[in-house]
Amino acid sequence: MSENTSDLMLSTAHLTMKFGGLTAVSDLNLEIRKNEIVGLIGPNGAGKTTAFNVITGMYYPTEGKVLFKGRNITGLKPHSITALGIARTFQNIRLFKEMSVLENVLVACHMSINTGIFGATLHLPGYRSRESEARRFSMELLEKVGLVHLAYEKGTSLPYGQQRRLEIVRALATKPKILLLDEPAAGMNPQESRELMDFIRKIRDEFDLTIFLIEHHMQVVMGVCEHMYVLDYGVTIAHGDPASIQKNPKVIEAYLGVD
Ligand SMILES: Nc1ncnc2c1ncn2[C@@H]1O[C@H](COP(=O)(O)OP(=O)(O)OP(=O)(O)O)[C@@H](O)[C@H]1O
Ligand SMILES: [Mg+2]
């Protein structure tokens, strides 16, 4: 971990999210630096997804701030946050059922390329060149992540593990600086989970990314994260490198009776 504050990508200060009487996230203070892979772990209902939802603008926090490269982004709309370079995937796969792999990526591309409704309706030359640029960019992305041979297959017909990767590619299509992954290994066996962690490391290097990763099972992220935050009932019960987390009594207690 660097001591330099200038490479801070994403941070939160006293971030708190309450739903009525329930405090889903309580006084969360994150510090995620450029090119790090950072974990957010904790038992079911710990507040992990809620933290993502607040960071990405789906909820306005009850208290506290979200900062991206030192800029206060609290309260910005999700599309503005995406445009700044923060992309996410969801806990449940959200591919478009009838679309090919390529089309699924193209849709994500269009969310970031501002084609404008008039250009799209009138098929103006500007629209057409942007459209072919988007196709070229999408195919290039699929090539880089080893899915290009599946470009014309239906997205939802891919094996489960590939669908999870495609979700990540869709997030990459918005050209993020930081990628937030919500349980990308959910439903995978140990072997597939390990391969996915290798894949995450690979895209971090290839796309010069910073990665913030939610995982339910501690073992899955141990090998890939530089450091991790552990939530339990919304409270940060531990933060540190994988070795220290693994032997932290509070963490062990939180996980006992869960797994
Ligand atoms: N929109 C909402 N309204 C009310 N309560 C909510 C809402 N979203 C989440 N919660 C509650 O906040 C708590 C944290 O939920 P969250 O989904 O963030 O947990 P999680 O750590 O992602 O769990 P999991 O590992 O099961 O995905 C839970 O008690 C949940 O029921
Ligand atoms: Mg969750």
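Donors are N, O and S atoms within 2.8 Å of the metal, and water is not among the atoms, so sites may look incomplete. All views show a predicted model.

**View 1. Protein donors of the magnesium ion (ligand 2).** Thr-49 belongs to helix H1 (residues 48-55), while Gln-91 sits in the loop between strand E7 (86-88) and helix H3 (101-112); the two are 42 residues apart. Both are partly exposed: Thr-49 has a relative accessible area of 25%, and Gln-91 one of 30%.

**View 2. Aromatic pair of Phe-19 and Tyr-59.** The rings are edge-to-face, 5.3 Å centre to centre, with 80° between the planes. Phe-19 is in strand E1 (residues 8-19) and Tyr-59 in the loop between H1 and strand E5 (63-68), so the pair ties together parts 40 residues apart in sequence. Phe-19 is partly exposed at 35% relative accessible area, as is Tyr-59 at 33%.

**View 3. Aromatic pair of Phe-52 and Phe-212.** This pair is tilted, with 5.4 Å between centres and 45° between planes. It joins helix H1, which holds Phe-52, to strand E9 (residues 210-215), which holds Phe-212, across 160 residues of sequence. Phe-52 is buried at 0% relative accessibility, and Phe-212 is buried with a relative accessible area of 0%.

**View 4. Lining of the largest cavity.** The cavity holds about 30 Å³ of space. Thr-89, Phe-90, Arg-164, Glu-167, Ile-168 and Pro-184 line it; three are nonpolar, one is polar and two are charged.

**View 5. Charged side chains over aromatic rings.** Arg-94 lies over the face of Phe-90, 3.6 Å from the ring centre. Lys-175 lies over the face of Phe-137, at 4.6 Å from the ring centre.

Key: Residues are numbered from 1 along each chain as its sequence is written. Chains are lettered from A and ligands numbered from 1 in the order in which they are written. This is a predicted model: local features need pLDDT of at least 70, side-chain atom pairs count only at pLDDT 80 or more; totals for chains, interfaces and linings use all residues. Side-chain values use heavy atoms; hydrogens and water are left out. Donors are N, O and S atoms within 2.8 Å of the metal (3.2 Å for Na, K and Ca); water is not among the atoms, so sites may look incomplete. Helices (H or I, at least four residues) and strands (E, at least two) are DSSP runs, numbered from the N terminus. Buried means under 20% relative accessible area, exposed over 50%, partly exposed in between (1.4 Å probe, protein chains only). On a 1 Å grid over the protein atoms alone, a cavity is a set of points where a 1.4 Å probe fits but cannot get out, and a pocket is an open set with protein on both sides within 12 Å along at least five of seven lines; lining residues have an atom within 4 Å of a point. Grid points are joined across faces, edges and corners, and a volume is the space filled by probe spheres set on the points. Ala, Val, Leu, Ile, Met, Phe, Trp, Tyr, Cys and Pro count as nonpolar, Asp, Glu, Lys and Arg as charged, and the others, Gly among them, as polar. Rings of Phe, Tyr and Trp (its six-membered ring) pair if their centres lie within 6.5 Å; planes under 30 degrees apart count as stacked, over 60 as edge-to-face and the rest as tilted. A charge sits over a ring if NZ of Lys or CZ of Arg is within 6 Å of the ring centre and within 35 degrees of the ring normal.
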